[in-house]
Structures are given as C-alpha cells and as structure tokens.
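Q: Could you take me through this structure? I would like to start with charged side chains and then turn to the strands.

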Amino acid sequence: MSEEREAMEFDVLIVGGGPAGLAAAIRLKQLSPEMSVCLVEKGSEIGAHTLSGAVLEPRALDELLPDWRDSPPDLATPAGDDRFMLLTETKAFKLPTPPQMNNHGNYVVSLGNVARWLGAKAEALGVEIYPGFAASETLIEDGVVKGVVAGVMGIQKDGEKGADYQPGMELRATYTIFAEGCRGSLTKQLFETYDLRAECQPQTFGIGIKELWEIPKEKHTPGLVWHSAGWPLKSDTYGGSFLYMFGENLVTIGFVVGLDYPNPWLSPFDEFQRFKQHPAVRPMLEGGKRVSYGARALNEGGIQSIPKLVFPGGMLVGDTAGFLNVPKIKGTHTAMKSGMLAAEAVAAALAGDKAPVLESYPEAVKNSWIWPELQAVRNIRPGFAKYGFWGGMANAAIDTYLFRGKAPWTMGHHPDNDSLKKAAEATRIVYPKPDGVISFDRLSSVFLSNTNHEETQPAHLVLRDPGKWLGENWEKYASPESRYCPAGVYEAVGVEEGNPHLVINAQNCVHCKTCDIKDPTQNIDWKTPEGGGGPNYPGGM
C-alpha cells in the first residue's frame with residue numbers, strides 16, 4: 001500500500017523552474033488567469049541550479065513579454081563584437097563567424113538571473129512556485145500521469161526514516177509539464193514507461209564547465225562574444241570554448257566537451273583549466289578574480305534526437321526534450337518557445353474536451369519556428385562525430401553554405417557511453433598542475449559552486465550493480481568517472497595496495513548528470529536528492 005500523503009490539486013503542474021517551465025507558467029496565466037498553476041523546483045531558489053554560458057536570442061521572450069526591455073533582467077548586456085577563433089597550442093587565428101553564430105540583436109545574460117526575473121513575473125501572475133521542493137516520483141494511475149510526489153525529506157543513509165522525516169506531498173494536476181532540463185530524472189523514467197524514444201535517434205550530450213570572473217575595468221569590453229575551436233582538444237574530440245563580457249567587469253568563461261569523446265584518460269575539467277592558459281586567453285583574465293564555478297550536461301542531438309513529446313496526462317518541454325541548437329550555441333529561445341506552445345495546448349485542452357493526449361502540442365512545435373531552425377542544422381554536430389574536427393568543419397561549411405541546411409540526408413547519432421576506447425589502447429594525458437591564479441583544482445572549484453547535500457541522506461548517485469565497477473570501469477577503462485566528473489565525486493582508491501575500489505563523494509555533486517550519461521555500462525544512476533541540495537549559483541552565473 002502506498003504511503004499516506006497530503007495532496008494538493010491543480011489544473012497544471014510544472015516540474016522544473018528553468019526558462020522553459022517558467023515560460024509555460026507565464027503563458028498559461030496569460031491565457032487563463034483563473035487557472036491554478038503550480039511549479040516545483042529542486043534548487044533552493046529559482047535560478048540556483050540554472051547554468052549556461054548564455055547569449056540570449058530574445059525571439060521567444062519578445063513573444064512572451066513584448067515590453068521586457070523596459071525592465072530587463074539584471075546584467076543583460078547587448079551583444080557586441082563577435083569573434084570566432086581557431087586555436088593552436090600557441091596561436092589564435094580569427095575565422096569568419098558562421099551565420100548561426102551571428103549575435104547581432106542578442107544579449108549576454110546570466111541565465112540564473114533571467115530565471116529569477118521570469119520567476120517573479122510568474123508569481124505576479126498568480127503561479128504558485130515551490131523552490132527547494134524536489135519531485136522524486138511520478139504519479140501514474142491507469143496509465144495516466146496524475147502529478148508527482150515532491151518534498152520527501154529525512155530519509156537516512158540506511159533507508160530508514162529519521163526524526164525529521166517528511167513523506168512529501170502529492171501534487172496532482174490534470175496535466176503535468178516536465179521541464180527538468182538535460183537528463184531529467186523523472187523524464188528518464190518516462191522515456192521507458194511510455195517508450196518515448198522508440199522513433200528517434202539516441203541523444204548525444206556535451207559537458208559544459210563554466211567560471212564567472214571579475215576582471216579589471218580596462219580589460220573589459222561589454223558585449224564581447226568570443227568562441228574558439230581547436231586546441232587543447234585533439235581532432236577526434238568535439239568541443240570548444242566561450243567567453244562573454246557583460247555587466248560591470250564580469251566575464252563568463254567556459255568550455256564544452258562532447259561526451260562522445262573516445263579517450264578514457266581525458267578530463268573535461270582539466271582541458272578547461274589548460275585552455276585558460278592559452279596566450280590568447282590568459283591575458284583577458286590576468287589581474288581578475290574567479291567568483292564562481294559550475295558544470296552541467298547539455299543535449300547535442302538536435303532534431304533527430306527529439307523524443308515523442310506527449311503521453312497520457314503530460315508533455316516534455318525545453319532541454320529535457322532536447323531543443324538545443326548546437327551550431328548556434330543557444331537553446332533558451334527554443335526551450336522557452338516549446339514551453340509556450342505546451343501552455344497553449346494545455347489551455348485549449350482544459351477549455352475544451354480535456355483530451356488525455358495533447359496531440360496539438362507536437363504539431364504546434366513542428367509548425368513553429370523551432371522546427372525549421374533545428375532542421376537546417378541537423379547534420380552539423382554528427383558530422384564532427386563521423387569525420388573528426390577537420391572533416392566536421394568541412395562538412396559544416398558544405399552543409400551551411402552549399403546545401404543551406406537542406407541536404408537530402410540526415411546523419412545519425414550513437415550513444416555516448418559506447419564511444420570509449422580501452423585505457424590500454426588510448427594515449428595517456430598528463431595535465432599541468434594548476435597555478436592557483438588562472439587554473440585551479442577540482443575541490444577549490446567545487447567550493448565556489450556552493451554545493452551542499454545533507455550528509456545523512458542516502459547517496460543520490462548509485463551503482464546499479466556495484467560488482468561491475470572493478471571488471472568494467474577499472475580494468476577496462478581505468479576509472480573514467482574519476483576524470484569526467486567535474487566535481488571530484490568519484491575516486492578510485494586502494495590502487496597501490498592492490499585493492500582498487502570506488503568511493504563516491506555524493507556531497508560534492510553539482511548535478512551536471514555527466515556520470516549518468518557517460519558511464520560505459522550505464523551502471524551509474526543519478527537519483528533525485530532532497531530538495532534544496534546541490535549547487536547554489538549566485539547572480540551572474
């Protein structure tokens with residue numbers, strides 16, 4: 001028998017307080033002010049878990065809140081000079097800016113601040129927002145999603161109920177919109193329950209690692225948008241950097257590595273730290289101070305990896321569905337638009353026959369500007385996976401300038417966890433030690449993420465079969481999780497004593513989900529921790 005819990009009823013429930021979920025909430029209340037709308041967010045506040053090196057294309061925002069420029073989010077800075085650089089180990093060459101990366105009319109923003117700003121707009125319209133309220137279970141009755149269980153607290157490490165145990169609450173709704181972001185925990189289960197990925201390509205991912213710096217005023221160029229490709233990554237690994245200047249002397253700098261990389265010795269974190277030492281990059285940071293640090297995974301599969309978007313009682317929006325435009329390096333505008341379209345479908349359904357499956361939402365997505373935008377760039381990211389860096393660049397140029405996004409074929413993807421070579425077959429990478437000025441170690445970086453988890457709760461990072469680690473992860477791949485995790489969660493210990501085993505420091509986790517994606521046998525399961533845990537990114541991130 002299921003546990004007795006209090007329940008609350010709403011017309012619509014939204015799981016996730018990022019731009020997609022908030023856009024959906026605002027649009028619902030614009031269309032039906034009397035509608036009861038609830039939004040839950042696992043972060044301690046709206047924006048606490050929102051991380052992106054963000055240049056915002058305002059197309060969706062213009063549609064949602066046409067007068068937003070009269071009172072914009074804090075730190076929003078009009079994009080200025082676009083620079084696209086090719087790096088070698090010692091040189092930087094300016095390349096023509098690809099048309100998808102033209103940022104005229106866009107804004108450099110803190111996406112966390114945008115989320116906080118949207119959250120205030122939603123609350124002003126009457127949306128009930130509950131931050132620190134993690135949704136840990138989907139309520140499914142007779143095959144129909146009826147809401148979620150959220151706010152479970154006080155489970156001890158041994159699985160027993162502690163003195164401060166709270167059973168959580170059933171948040172029930174006629175329709176539930178899942179806006180969990182990349183690799184959402186409940187969404188991952190919905191994929192299996194409703195076979196939502198049966199007719200699409202496997203999703204492929206990247207890991208983005210980011211720092212916020214404050215630099216001397218004389219070095220600051222407001223609105224500078226700087227990207228690079230090439231060094232320090234090898235030609236068999238997709239990735240690149242971003243550096244944006246905004247606000248008062250703030251710089252957001254980051255590095256993205258495609259999680260289909262083949263070398264198990266590669267560490268995305270250390271590639272980022274090494275990148276910052278490049279002669280073209282270090283001078284932009286020297287004399288400055290690192291303020292914050294974070295990491296997150298991002299969907300890179302594009303249109304061919306978008307799953308079925310609806311199921312009885314609910315739908316997927318934003319990055320949890322995979323609407324990121326990889327060549328454009330933007331997904332906020334498409335995420336918000338998908339949330340708005342879902343809201344419009346829900347509002348129409350509630351005003352009409354309350355159909356259990358909202359067929360109108362997927363059709364609206366295909367008829368919107370989202371679909372042709374993603375359709376036109378569908379072959380660029382998989383070209384790098386198939387042909388490597390130089391072949392991928394050539395494929396991108398041909399697809400963009402010759403075929404103009406209308407090539408008579410669509411390239412596919414493969415799962416990222418299948419891509420690793422055996423450690424003995426790969427070149428070992430030796431990374432330079434951090435200098436503590438421009439480059440840093442993992443633990444001092446994690447400290448700046450303000451991440452925190454109650455140490456009495458069960459670890460939210462679980463090995464499905466603990467016995468697999470030694471024979472698979474250690475003996476074949478030399479514990480790749482100890483390198484791809486950007487937060488030092490995973491440690492292979494006891495090696496010198498001849499007793500290698502894995503230690504999981506779950507309290508360090510910054511909720512990037514990389515381990516859930518890249519583990520070779522998919523043996524690591526990222527479960528939802530207690531609400532309010534994880535990183536607490538400040539304004540600016």
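Q: Are Lys-328 and Glu-373 buried or exposed?
A: In this predicted model, Lys-328 and Glu-373 are both buried. The relative accessibility of Lys-328 is 13%, and it counts as buried because the cut-off is under 20%.

Q: What do the side chains of Lys-328 and Glu-373 form?
A: They meet in a salt bridge, at 3.4 Å from N to O. Lys-328 lies in the loop between E20 and H7, and Glu-373 in helix H9 (residues 370-376), so the pair ties together parts that are 45 residues apart in sequence.

Q: Which salt bridge joins Lys-328 to Glu-57, and at what distance?
A: The two side chains meet at 2.9 Å, N to O. Glu-57 is in the loop between strand E3 (53-56) and helix H2 (59-64), while Lys-328 is in the loop between strand E20 (314-316) and helix H7 (332-351), so this pair ties together parts 271 residues apart in sequence. Glu-57 also counts as buried, at 15% relative accessibility.

Q: Why can such side chains pair?
A: Side chains of opposite charge can pair when their charged atoms come close.

Q: How many salt bridges are there in the whole structure?
A: A search of the whole structure finds 24. One network of salt bridges links Arg-183, Lys-188, Arg-464, Asp-516, Asp-525 and Lys-527.

Q: What about Asp-270 and Arg-442?
A: Their side chains meet in a salt bridge of 3.4 Å, N to O. The pair links distant parts of the chain, 172 residues apart: Asp-270 is in helix H5 (residues 268-275) and Arg-442 in helix H11 (residues 442-448).

Q: Now the strands. In what order do the seven strands of the open sheet come?
A: The order is E6-E5-E15-E16-E17-E14-E18, with mixed pairing. E6 and strand E18 (289-299) stand at the edges with a single partner strand each, so one side of each is left without a neighbour in the sheet. From one strand to the next, the twist averages 20°.

Q: How do E14 and E18 pair?
A: Strand E14 (residues 205-214) pairs with E18 in the antiparallel sense, over ten bridges. Gly-208, for example, has Arg-296 in E18 as its bridge partner. Helix H5 packs on the sheet and touches several strands, including E14 and E18. The direction of H5 makes about 135° with that of E17.

Key:
Residues numbered from 1 in each chain as written. Predicted model: local features only at pLDDT ≥ 70, side-chain atom pairs only at ≥ 80, totals over all residues. Heavy atoms only, no water. Salt bridge = Lys/Arg side-chain N within 4 Å of Asp/Glu carboxyl O. Helix = DSSP H or I, 4+ residues; strand = E, 2+ residues; numbered from the N terminus. Buried < 20%, exposed > 50% of the residue type's maximum accessible area, 1.4 Å probe, protein only. Pairing = 2+ DSSP bridges. Axes fitted to C-alpha atoms, helices over the stretch in contact; angles between N-to-C directions. Contact = heavy atoms within 4.5 Å.
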